[in-house]
Each structure stands twice: as structure tokens, then as C-alpha cells.
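Biologist: I would like to learn how to read a few features from a model. Please take them one at a time.

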Amino acid sequence: MSSKTIEEPARQIPLYGEYEVAVLGGGPAGIAAAVAAARAGRRTLLIERYGFLGGMGTAAGVTNFCGLHANVHGQMHRVVQGIASDLLARIDHLGGLNAPHLVLGKIFAQAYDTPAYKIAADDLLAAHKVDILFHALGAGVVMQDDRRINVLMVETKAGRQAVRAGIFIDCSGDGDLAAWAGAPFEVGDNNGSMLYPSMMFRLNGIDPDRAGEAWRTIPALMEKAEAAGTHRFPRKAAIVRPQRHGIEWRVNFTQLAREDGTAVNGLEPHDLTRGEIDGRRQAIQAFEFLRTVPGFENSYIVDLPPQLGIRETRRVVGGYMLSGDDVLGCASFQDSIGVNGWPMEQHVAGNVIFKFPPIPESRGFNELPYRMLVPEGVDNLLMAGRCASMTHDGQSAARVSGACFAMGEAAGAAAALALSGNTIPRDIALEKLQQALKQQGAFIGRDQSVPAGL
């Protein structure tokens with residue numbers, strides 16, 4: 001690759017708009033952040049690179065909410081509430097929400113239909129009068145001074161435009177906004193390893209009666225196929241589960257690596273290009289194997305998502321970095337703003353390793369401290385989602401949608417409080433934030449009883 005550079009001529013950038021809160025990224029964290037800020041009366045803009053919301057849940061075809069529940073002393077409890085509950089109710093109203101299903105015999109996840117998620121998210125933001133800018137890719141920032149962002153630059157079909165806001169919330173997943181503003185960050189385990197990406201896909205045309213509980217038998221069939229030399233698989237722990245209707249199943253079967261065996265880096269354009277192509281190749285190979293499974297003989301690929309599923313890139317350094325020990329030890333924090341009930345889920349070379357807190361001895365969830373939303377070095381910025389302040393191990397758990405909803409709702413509410421008090425997010429009254437979240441039905445863990453039921 002050439003190392004030559006081109007000097008871009010200076011130009012006047014049109015101002016798209018001025019807002020009190022601007023959120024970059026429309027995944028679970030971004031949806032919740034924008035709704036929370038707008039619900040508190042703040043003029044809010046949500047900026048999304050695609051023409052729909054949902055983040056990896058729609059753009060990468062995940063079609064499965066993880067982390068909404070926790071295994072509390074051996075019983076399943078829905079521990080992520082608040083804005084997430086409003087969104088799920090809208091998905092359910094559209095007929096797009098499955099009942100929770102058991103994963104590894106230890107935790108619940110909950111599948112959904114992608115179109116219903118997209119429509120429900122649109123409806124939720126419209127109900128709270130959030131402005132949305134679709135097809136806008138974040139491209140950089142202009143700083144007001146060393147510690148304050150003035151405007152966020154976005155690339156659109158109309159060219160580059162600028163968005164000015166009082167407070168920005170980085171829900172990009174990759175920590176793009178924080179990195180441009182100069183906040184410190186880490187990438188992967190800081191030794192070149194990240195959680196491996198996957199290319200999800202969905203199959204239709206399955207015979208549900210013949211397929212039965214195929215997710216139980218497929219791992220043994222994979223081992224048999226490898227032993228016979230008929231198929232080779234990029235990883236163990238393949239996930240193949242039915243969607244709302246039994247004729248359609250989601251497939252999480254792939255693992256994308258560089259030529260040296262390390263994970264594809266979601267920050268590198270060349271890696272992303274190679275990963276997309278290799279991901280589709282792996283999807284076809286997985287499909288060819290699945291056609292040998294009873295009930296799948298007449299199936300076909302009904303959907304390959306718009307992009308590769310990225311699990312980890314930048315993790316912005318904040319006032320506290322949530323760790324793997326915090327997850328396994330079900331940590332509590334005085335500044336708790338939500339909880340995470342998902343275990344550590346480490347996508348390592350050739351495998352997926354789950355590590356749970358003790359079951360049924362533990363309460364099964366860790367609290368999420370507000371400090372993990374507040375970056376070092378930038379005063380009018382918050383972050384939420386998989387780019388929040390976590391270690392490599394901590395992020396393997398709290399990157400999932402449940403924790404992202406919780407972090408996003410807290411970030412949006414915190415931005416509104418900072419604006420109302422004419423202060424920076426770092427200096428808000430924590431008690432007011434916690435009380436505001438509780439009043440909106442969010443479960444923050446601190447001084448609360450576990451929600452009843454599923």
C-alpha cells in the first residue's frame with residue numbers, strides 16, 4: 001500500500017444543525033441514549049451510518065438479544081428494563097419477538113425478527129421526537145479547545161456536513177468520536193488479539209418437525225464431518241437456532257481471521273474488506289454442511305446481512321474499566337447505573353469460551369458504574385455500548401445488547417442532567433441520575449430488589 005498522502009484544500013463545511021445532545025451510532029446504546037435525552041426535554045439528534053437502527057442487531061444480522069436476563073441464584077430474571085422494555089413491547093406488538101430461550105442451560109437470550117426491530121426503533125424515536133440523520137458516517141471532529149468538542153463532522157450524500165451540540169454521546173461501537181476527540185483508548189487485549197468477528201446469516205425452508213432441537217445434535221454432527229474429512233469448520237460452538245417461525249433459523253457459525261490467524265481488525269479497511277468476502281465464503285461452506293442435517297435438506301439462505309459482525313475494536317478509557325473479575329464476581333458499585341447479566345463470552349481462535357459467575361450461588365449480574373461512561377480528557381463527551389470503558393475480558397461480557405441498552409439510557413439521562421445543571425457530565429449529581437433512572441423503570445441494581453418474573 002502506498003504511504004503517500006494528499007493535501008485536501010481547506011473548505012467551508014455547512015452546518016447541518018445545532019442540538020443539545022448528539023448521539024453517534026444507532027445500536028441499542030444509541031437508541032436508548034437518544035430516547036433518554038429527548039424524553040428529558042433535550043433537543044436530540046441520532047446519527048446513523050445505515051438507513052435503519054439496531055446496530056449489530058440488524059446490520060450484522062445478530063437477531064438475538066443477549067444480556068436482558070440474569071441467572072439469579074438459579075432463577076431467570078429480566079434485569080434490563082426501562083427503554084429496552086418499551087422497545088421490546090413494540091417489537092412484540094409487530095409479532096416479531098420470540099419467547100426467551102435457554103442458552104447452555106444457564107442463561108436466557110431472546111430472538112427477534114430484524115424488520116420488526118427496525119420498525120419498532122423508528123416508532124420509539126418518533127414517539128420521543130428524536131431527530132434522526134440516516135446515511136451519515138462520522139468523519140471527525142473540530143475541537144473548541146483541548147477538552148471540548150465543538151462539532152462532529154459527518155459524510156453524507158450531500159457531502160461533508162457538521163453537527164454542533166452541547167454534549168456528544170459516542171455509541172459508535174468503535175469509539176470513533178472519542179478517538180477523534182483525543183480520549184485515550186485500548187484496542188483488544190493490547191497484544192494484537194481481539195474478539196473474532198462473525199458473518200451471521202439466516203436460513204429459510206427448514207422442516208421444523210424433522211429439525212426438532214437440531215441445535216443439540218449439530219455439534220456432534222460437526223465433529224463427525226470433520227473426522228470424516230468432508231468438512232472443515234473455522235470454529236467450534238456453532239449456534240443454529242429457530243426464529244419466530246420454525247421454518248427460519250439463524251446461523252452463527254463463522255469466524256474471521258487474518259492470514260496470520262489473529263482476528264480481523266474492524267478498524268482496518270483492508271481487513272474489513274477481506275473479512276466480508278471471507279465471511280460470505282464461510283457462510284456458504286456452513287450452509288453446505290447444514291443441508292446434510294435432517295430437516296435442513298431443502299433450506300436456502302434467505303439473508304446475508306449488510307456487514308460483518310464486529311465484537312471488539314476500541315475500548316475508551318474512562319474513570320473505571322469494568323473487568324472480567326467484576327463480571328465473574330458480580331461486582332457492586334456506588335455509582336451503579338445499570339446491570340449486566342451476561343457471562344464472559346470470549347471468541348478466541350477456533351472456539352467460543354463462556355465463563356459464568358457461580359451458579360446458583362451468585363446473584364448472576366454485575367453492576368455497571370457511571371464512571372465507565374465518562375472518558376478521560378474530554379469534558380462534553382459520554383460513551384456507551386461496546387466502546388465504553390472496559391478491559392478486554394470485561395468487554396467480552398458487557399458488550400452485548402442488554403448492557404448496551406442500560407449504558408445508553410444512563411448516558412442520555414446524564415447528558416440531560418448536565419445540561420440542566422450547566423455542568424459537564426463528569427460533575428453531575430449521581431443521586432439525581434440514579435433516581436431518574438429508577439423513576440423511568442430502569443433497574444440499576446443499587447439499593448433495588450431484583451425484578452420479579454422473566
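Modeller: One feature is how two helices cross: helix 1 passes helix 4 in a left-handed crossing. Left-handed means that the near helix is turned anticlockwise from the far one by less than a right angle, and right-handed means clockwise. Helices (H or I, at least four residues) and strands (E, at least two) are DSSP runs, numbered from the N terminus. This is a predicted model, where local features need pLDDT of at least 70 and side-chain atom pairs count only at pLDDT 80 or more, while totals for chains, interfaces and linings use all residues. Residues are numbered from 1 along each chain as its sequence is written, and side-chain values use heavy atoms, without hydrogens and water.

Biologist: At what angle do helix 1 and helix 4 pack?

Modeller: Axes are lines fitted to C-alpha atoms, for helices over the stretch in contact, and angles run from 0 to 180 degrees between N-to-C directions. Helix 1 (residues 28-39) and helix 4 (residues 114-127) pack at about 20°, with axes 10 Å apart. Helix 1 is therefore roughly parallel to helix 4 (angles under 35 degrees).

Biologist: Which residues of helix 1 meet helix 4?

Modeller: Contact means heavy atoms within 4.5 Å. Pro28, Ile31 and Val35 in helix 1 meet Tyr117, Ala121, Leu124 and Leu125 in helix 4.

Biologist: Which way do the residues of strand 4 point?

Modeller: In a regular strand the side chains alternate between the two faces of the sheet. In strand 4 (residues 69-72), His69 and Asn71 point one way, Ala70 and Val72 the other, and all are buried (under 20% relative accessible area, 1.4 Å probe, protein chains only).

Definitions and conventions: Buried < 20%, exposed > 50% of the residue type's maximum accessible area, 1.4 Å probe, protein only. Parallel < 35°, antiparallel > 145°, perpendicular 65-115°, else oblique.
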